[in-house]
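Here is a short report on helix packing and the nonpolar core of one model. Please keep the sequence and the structure in view while reading.

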Amino acid sequence: MVGIGEEAVALHGNGMNCAQCVLRACGKYTGLDENTAIAVAAGFGGGVRCGEICGAISGAVMAVGLAMGSENSMRVGALSKACSAAIREKYGVVRCLDLKRAGIPCDDLIKFGAETAEKLILENKE
C-alpha cells in the first residue's frame with residue numbers, strides 16, 4: 001500500500017504544485033474532491049508564487065484546518081504552527097526560496113508535508 005507521502009509525491013510528477021499535492025493527498029481527511037483541492041491550492045505553489053512560505057506547509061495547514069473543522073479554530077491555529085515548526089526543525093527554514101537555495105527537493109518537502117498533516121490530523125481528530 002502506498003503511503004500518503006508517496007501519493008503526494010506522485011501527484012507532483014503529474015504537474016501539480018507542492019500545496020496541491022499535499023492537500024489532494026489528504027483528501028480522505030478533508031472531504032475535498034480532487035478538483036476542488038487542486039483549485040483551492042493552485043495559487044499556493046512556489047511560496048504563494050513569490051518564494052515565501054513553502055507550498056507543502058500551506059497544503060498541510062489547509063488539510064489540517066479542513067479536517068479539524070471550523071469549530072476548532074484555536075486548535076487549528078496551534079496545529080498550523082506545528083506544521084511550520086516540523087518543517088523548520090527538519091530543514092532549518094520555511095521559505096520556499098530558502099529551501100530551494102539549500103538544495104532541498106520539492107518532493108522531499110511534499111512527502112514530509114503530507115505525512116506531517118496526516119500525523120497531526122490522526123493525533124488530534126476527535
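## E118 and its contacts

E118 touches I4, K28 and Y29, leaving aside residues up to four places away in sequence. The model is predicted. E118 sits in helix α9. Is E118 buried or exposed? Its relative accessibility is 19%, and the cut-off for buried is under 20%, so E118 counts as buried.

## α1 against α9

E118 and I4 both belong to the contact between α1 and α9. On the α1 side, the residues are I4, G5, E6, A8, V9 and H12. On the α9 side, they are C106, D107, I110, K111, A114, E115 and E118. By class, this contact has six nonpolar, two polar and five charged residues.

The two axes lie 8 Å apart, at an angle of about 140 degrees. Roughly antiparallel would need an angle over 145 degrees, so α1 and α9 are oblique to each other. Their crossing is right-handed.

## α6 against α9

Helix α9 (residues 106–124) also packs on helix α6 (residues 55–68). Here the angle is about 20 degrees, and the axes are 9 Å apart. Angles under 35 degrees count as roughly parallel, which means α6 is roughly parallel to α9. The crossing of α6 and α9 is right-handed.

From α6, the contact uses A56, A60, A63, V64, A67 and M68. From α9, it uses L109, I110, G113, A117, L120, I121 and N124. What classes of residue make up the contact of α6 with α9? Eleven are nonpolar, two are polar and none is charged. I110 is listed in the contact with α6 and also in the contact with α1.

## The nonpolar core

In soluble globular proteins, nonpolar side chains tend to be buried together. In this model, the largest nonpolar core holds 39 residues. Which of them touch the most other members? V64 and L109 do. Beyond four places in sequence, V64 touches L79, C83, A117, L120 and I121.

At least two residues each come from α1 (4–12), α2 (18–25), α4 (34–41), α6, α7 (73–91) and α9. The largest share is that of α6, with eight residues.

Methods:
Residues numbered from 1 in each chain as written. Predicted model: local features only at pLDDT ≥ 70, side-chain atom pairs only at ≥ 80, totals over all residues. Heavy atoms only, no water. Axes fitted to C-alpha atoms, helices over the stretch in contact; angles between N-to-C directions. Helix = DSSP H or I, 4+ residues; strand = E, 2+ residues; numbered from the N terminus. Parallel < 35°, antiparallel > 145°, perpendicular 65-115°, else oblique. Left-handed = near helix turned anticlockwise from the far one by under 90°. Contact = heavy atoms within 4.5 Å. Nonpolar A, V, L, I, M, F, W, Y, C, P; charged D, E, K, R; others polar. Core = buried A, V, L, I, M, F, W, Y, C linked by side-chain atoms within 4.5 Å. Buried < 20%, exposed > 50% of the residue type's maximum accessible area, 1.4 Å probe, protein only.
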